[in-house]
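Hi there,

Here is the structure I promised to pass on. Have a look through it when you have a moment, and then read on for my notes.

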Amino acid sequence: MARYKEIGLEQFAVGVIGARYVGLATGACLARIGHWVTCVDKDPDLIAELRNGGMPFFEPGLEELVARGKSEGRLSFEDGEALAGVVEDSDAVFIAVGTPQGDDGAPDLSNVAAVARGIGRALAGGRGRENPLVVVNKSTVPVGSGDYVTTLVREGAGDAEVDFRVVSNPEFLREGSAVHDTLFPNRIVVGFDHPEVGEFMRRLYGPIIERSFAQRDEPRGVVPFVATDLASAEMIKYAANAFLAVKISFINEISNLCEITGADVKSVATGIGLDERIGSRFLEAGVGWGGSCFPKDVNALRATARKNGYEPTLLDAAVTTNDHQRELAVTKLERNLHTLEGKRVTLLGLAFKPGTDDLRESPSLWIARVLHARGARVVGYDPVVAAARLSSPDLEVAADPYGALSGAHAAVVVTEWEEVVSLDLRRAAALMSAPRLLVDGRNALDPAAVRASGLTYEGFGHG
Ligand code: UGA
């Protein structure tokens, strides 16, 4: 049972398979707390970029953390060829590869399957450690996949006797604050079916649980460690994202009722959010949720429900409300511009939220597509998504917000970047053409200030 206690080290050798978003943040943070981490990815160009000090995506603070790990010799990068060596030398191997949404809404597990089989093949070649390899699944996989990973590792190992344990360790980091969320999480969730691996995970995350490395101005106190079974850990991941998505859709529905009744959704959100049972966060009404997580995970949970003969009516409704919010942005434009044909509309913010350059399921791209299809000329501006990255027939990308606003009949705040929220509104009004409409899709601006600058203001859920 207590086999890991024999290791006697608080610094472990860890392999992280998949060096994109979750893998890189996990690897860099594990190195930060003292472990020896090798990140492996099958994409040799990505590995070359990381070795050369490049960063494949925009994430505040991650580049510095990766550089620190490399300079301390705790963080290294290898391509897929190195997998066998990493399995041989590691105490734990994290699976942190993508599970994109398949055509039926269910996640495509082919990347997880390929890595699990690869680990099995490597295990069959033998390991330099006595303890069973801990295979930590960080990829978001449907409930029940822990068993699936075990089956695939065995399959990869063929006839060889292999010793490993699968753990589910879901990821709760947010894009834009990945480093902080990983080093200072609200909780660590670990699902397992052998108690000794639960203990191993507690020790692996020891510095994060104890916050022993925290600086003076950083959070203190012990981080709750939720030890549970594999299926529950996997469900916690989906339930957390689905709850937050439902919460946003809930406030958006209330927001629409506020518009009808003359109430103000911001006051309503403040008033309900102060009830500790409700909580004030994720009650911001507007164009709704996007990104690589909420849409995919809510759809995956709906697919799991339907596959098992259960109708997930609440989750379905959350998606319907969310789709409606994007349409509402277009409705507000049409109502004020009368027709979109020939009109110039500026989208302020293209990434699905501030602090990231991720365009996946971004409300901006959906709105651009609809506006373009209805005859509008769409110009987008984003502080980090450059024209070079986004070639779309639906919109042009301007490098500067005022260039984007020049001659526009209307503008929509889709992403509440600081650069967008702090725009010089008088300058914007002077550059725009009548009716100089500003649709505030994130309720991020002060309506009185917008109106005082000569623009027509339309928010969500208030006058
Ligand atoms: C989300 C979760 O918040 C993380 O805990 C989770 O780990 C992650 O998914 C994941 O599964 O990997 P993320 O997608 O990075 O993180 O972004 P959020 O900050 O949660 O925002 C999601 C969307 O909801 C954004 O489009 C945002 O604009 C929107 N949102 C958020 C609202 O419309 N209203 C709000 O009040 C809050």
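Below are my notes on the chain as a whole and then on the ligand site.

Please keep in mind that this is a predicted model. The chain is built from 18 helices and 14 strands. Its C-alpha trace spans about 75 × 45 × 45 Å along the principal axes. The radius of gyration is 24 Å, which agrees with a compact globule, because a globule of 463 residues would come out near 23 Å. As for burial, 56% of the 463 residues count as buried.

Now to the ligand. There are 20 residues around it, and Phe172, Leu173, Glu175, Lys237 and Asn241 come nearest. A polar backbone atom of Glu284 is 2.8 Å from a ligand oxygen, and for Phe352 the corresponding distance is 3.2 Å. On its own the ligand would expose 720 Å², of which the protein buries 91%.

Where does the shell come from? Helix H10 (230–261) and helix H12 (294–307) are the elements that give two or more residues to it, and H10 gives the most, with three. Domain 1 (13–228) and domain 2 (294–458) each supply at least three shell residues. By class, the shell has nine nonpolar, eight charged and three polar residues.

Happy to talk any of this through.

Best wishes

Terms used
Residues are numbered from 1 along each chain as its sequence is written. This is a predicted model: local features need pLDDT of at least 70, side-chain atom pairs count only at pLDDT 80 or more; totals for chains, interfaces and linings use all residues. Side-chain values use heavy atoms; hydrogens and water are left out. A residue is near a molecule or strand if one of its heavy atoms lies within 4 Å of it. A polar contact is a pair of N or O atoms within 3.5 Å; within protein, one must be able to donate a hydrogen and the other to accept it, and residues adjacent in sequence count only if both atoms are side-chain atoms. Accessible areas come from the Shrake-Rupley method with a 1.4 Å probe; for residues, only the protein chains shown count as cover. Helices (H or I, at least four residues) and strands (E, at least two) are DSSP runs, numbered from the N terminus. Ala, Val, Leu, Ile, Met, Phe, Trp, Tyr, Cys and Pro count as nonpolar, Asp, Glu, Lys and Arg as charged, and the others, Gly among them, as polar. Domain bounds come from an automatic or database domain assignment. The radius of gyration is taken over C-alpha atoms; the globule rule is 2.2 Å times the number of residues to the power 0.38. Buried means under 20% relative accessible area, exposed over 50%, partly exposed in between (1.4 Å probe, protein chains only).
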